[in-house]
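Reader: I am new to protein models. Please show me how to read one, feature by feature.

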Amino acid sequence: MSNTDNLTNKTPRQYAEEAFWTGHYHYLLQALAVAMNSCLVWRLAETGQPFTLNDLFNFAKEQDEQHPLEKKAFYMVSREGAIGLAPGLEYLVKWVFIPMEKGPERDRLLQGLTQVMQRLEAEEEERTSEPRQSAPPQQSSAEAPHFCMNCGATLEPGARFCANCGNPVES
């Protein structure tokens with residue numbers, strides 16, 4: 001039985017249930033969906049090439065379509081959002097995408113991601129022609145949260161996302 005035969009014998013729901021219980025993701029897109037809860041910007045482990053959420057999404061789509069995993073292989077996701085590939089055993093994980101470390105390059109990529117998200121929200125608002133509820137007034141810096149509720153990093157005044165982990169800042 002070929003790898004593609006094995007993969008097509010299960011329904012998407014069966015794959016999702018299996019991945020939920022085992023943490024073994026047969027598709028890079030599944031692993032990305034989990035990893036993006038912890039991280040929004042990665043580096044390719046071998047070369048250091050940066051990948052934004054959009055870059056990794058497009059790469060994952062192409063990878064899943066053109067290069068399906070071998071029968072026993074699977075992706076794993078670390079608590080920090082790193083994505084690794086295992087040949088069938090958890091202790092042999094080769095980390096492929098690692099969270100980008102703090103620094104100007106990551107900050108620039110996250111800022112670009114924030115701008116794209118704001119632009120898409122504005123386009124959606126115009127397209128639906130129903131104005132969204134107005135945003136709550138900005139909190140003063142004295143009232144704003146000072147630490148990320150997800151990773152504990154210090155937040156910049158007025159930040160909508162944590163610069164360390166990318167988690168949305170709670171109002």
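Author: Start with a charged pair. Arg-119 forms a salt bridge with Glu-123, and their closest N and O atoms are 3.0 Å apart. A salt bridge is a side-chain nitrogen of Lys or Arg within 4 Å of a carboxyl oxygen of Asp or Glu. The model is a predicted one: local features need pLDDT of at least 70, side-chain atom pairs count only at pLDDT 80 or more, and totals for chains, interfaces and linings use all residues. Residues are numbered from 1 along each chain as its sequence is written, and side-chain values use heavy atoms, with hydrogens and water left out.

Reader: Where do Arg-119 and Glu-123 lie, and how are they separated?

Author: Both are in helix α5. They are four residues apart, so about one helical turn separates them. Helices (H or I, at least four residues) and strands (E, at least two) are DSSP runs, numbered from the N terminus.

Reader: How many salt bridges does the structure hold?

Author: The general idea first. Side chains of opposite charge can pair when their charged atoms come close. This structure holds five salt bridges. One of them joins Arg-43 to Glu-101, with the closest N and O atoms 3.2 Å apart. Arg-43 lies in strand β1 and Glu-101 in the loop between β5 and α5, so the pair ties together parts that are 58 residues apart in sequence. Arg-43 is buried, at 13% relative accessible area. Glu-101 is partly exposed, at 45%.

Reader: What is the strand order in the sheet?

Author: Two strands pair if DSSP finds at least two bridges between them. Here five strands form an open sheet in the order β2-β1-β5-β4-β3, with antiparallel pairing. The edge strands are β2 (50-52) and β3 (74-77), and each pairs on one side only. Four bridges join β3 to β4 (residues 83-86). Met-76 has Gly-84 in β4 as its bridge partner.

Reader: Which strands does helix α4 touch?

Author: Contact means heavy atoms within 4.5 Å. Helix α4 (residues 53-66) packs on the sheet and touches β1, β2, β3, β4 and β5.

Reader: How do I read a pair of rings?

Author: A pair of aromatic rings is described by the distance of the centres and the angle of the planes. Rings of Phe, Tyr and Trp (its six-membered ring) pair if their centres lie within 6.5 Å; planes under 30 degrees apart count as stacked, over 60 as edge-to-face and the rest as tilted. The structure holds three aromatic pairs. The rings of Phe-51 and Phe-97 have centres 5.1 Å apart and planes at 80°, so this pair is edge-to-face. Phe-51 sits in strand β2 and Phe-97 in strand β5, 46 residues apart. Phe-51 and Phe-97 are both buried.

Reader: Which residues form the aromatic cluster?

Author: Phe-51, Phe-59 and Phe-97 form one cluster. Phe-59 is partly exposed, with a relative accessible area of 30%.

Reader: Which residues touch the most other members of the largest nonpolar core?

Author: A nonpolar core is a set of buried Ala, Val, Leu, Ile, Met, Phe, Trp, Tyr and Cys residues joined through side-chain atoms within 4.5 Å. The largest core has 23 residues, and Leu-28, Trp-42, Leu-56, Tyr-75, Ile-83 and Phe-97 touch the most other members.

How values were computed:
Axes fitted to C-alpha atoms, helices over the stretch in contact; angles between N-to-C directions. Buried < 20%, exposed > 50% of the residue type's maximum accessible area, 1.4 Å probe, protein only.
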